[in-house]
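Student: Could you take me closely through the surroundings of the ligand, with the cut-offs behind each term?

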Amino acid sequence: MMQLRTLNENIEKHYGRPDLGTLILAALSKAVKDLDNLTAEDLAPIDEFHIRGRQATMELAHILDLNADMHILDIGCGIGGPSRLIAHEFGYRVTGIDLTDEYCRAASMIAERLGISHLVSYRQSDALSLPFADGIFDVVWAQHAAMNIPDKAPLYREAHRLLKRGGALAIYDVLSGPGGLIILPVPWASSSETNFTSSPEEMRNLLERSVSK
Ligand SMILES: C[S@@+](CC[C@H](N)C(=O)[O-])C[C@H]1O[C@@H](n2cnc3c(N)ncnc32)[C@H](O)[C@@H]1O
């Protein structure tokens with residue numbers, strides 16, 4: 001199996017762009033009339049890194065039937081599009097973590113600019129070992145993140161550890177089907193070095209094992 005350090009470097013190489021937050025805000029200042037009145041909507045075309053973008057995020061949020069007192073952990077939060085959307089639409093409090101440091105920095109800059117830092121916060125962390133106490137989140141949420149993670153057992157164990165009793169794990173992933181090997185590149189992987197889709201059976205087994213101890 002690939003060394004964890006090499007893997008994490010490959011992920012950061014695939015996603016990272018120096019000074020991304022500044023680049024995004026500079027591009028937005030040209031595209032929208034008034035940066036001081038920026039809305040989550042203005043960022044919609046660029047900030048959801050998963051298939052079907054905002055529509056998929058809204059569907060996931062509706063399935064969960066949450067209430068505004070809940071605290072959500074978004075694993076592999078990217079530049080924070082999904083967390084900003086659900087915070088903005090429903091008032092949820094979301095903590096996002098991502099391996100790509102530049103994404104966390106950009107997400108924090110954008111949240112500050114939108115004036116929603118009281119609802120969303122971001123922290124660079126590896127999903128396989130998260131810096132939070134047991135049982136503190138109502139929902140652990142992960143969209144298109146596990147596809148970058150070869151060893152998913154610790155990912156789901158961490159999710160289970162961090163959930164309150166009766167909490168929900170919300171996953172939206174691409175899984176491998178019977179059609180053979182995936183044709184690369186795809187948005188989450190330029191090469192096989194960062195692509196680790198699992199089959200539905202593998203995923204079900206891993207999830208069952210993560211709660212069986
Ligand atoms: C396809 S993007 C999805 C981003 C976001 N969930 C969204 O839907 O907009 C996958 C994200 O997972 C992050 N990621 C990959 N491996 C990770 C790990 N081990 N721990 C935390 N984040 C990870 C990447 O840095 C990237 O931001």
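Tutor: What follows is a description of the ligand site, with a short note on confidence.

This is a predicted model, in which local features need pLDDT of at least 70 and side-chain atom pairs count only at pLDDT 80 or more, whereas totals for chains, interfaces and linings use all residues. Residues are numbered from 1 along each chain as its sequence is written, and side-chain values use heavy atoms, with hydrogens and water left out.

The ligand is surrounded by 22 residues, a residue being counted if one of its heavy atoms lies within 4 Å; Phe-49, His-50, Gly-76, Asp-98 and Thr-100 are the closest. By class, this shell holds 11 nonpolar, 8 polar and 3 charged residues, where Ala, Val, Leu, Ile, Met, Phe, Trp, Tyr, Cys and Pro count as nonpolar, Asp, Glu, Lys and Arg as charged, and the others, Gly among them, as polar. At least two shell residues each come from α1 (4-15) and β2 (93-98), helices (H or I, at least four residues) and strands (E, at least two) being DSSP runs numbered from the N terminus.

Turning to polar contacts (pairs of N or O atoms within 3.5 Å), the side chain of His-50 places an N or O atom 2.6 Å from an oxygen atom of the ligand. A nitrogen atom of the ligand lies 2.6 Å from a backbone N or O atom of Gly-76, and a ligand nitrogen is 2.9 Å from a side-chain N or O atom of Asp-126. Of the 590 Å² of accessible area that the ligand has on its own, the protein covers 98%, as computed by the Shrake-Rupley method with a 1.4 Å probe.

As for confidence, the chain has an average pLDDT (the predictor's confidence in each residue, from 0 to 100) of 92, and 98% of the residues score at least 70.

Methods
Polar contact = N/O pair within 3.5 Å; in protein donor to acceptor, adjacent residues only side chain to side chain.
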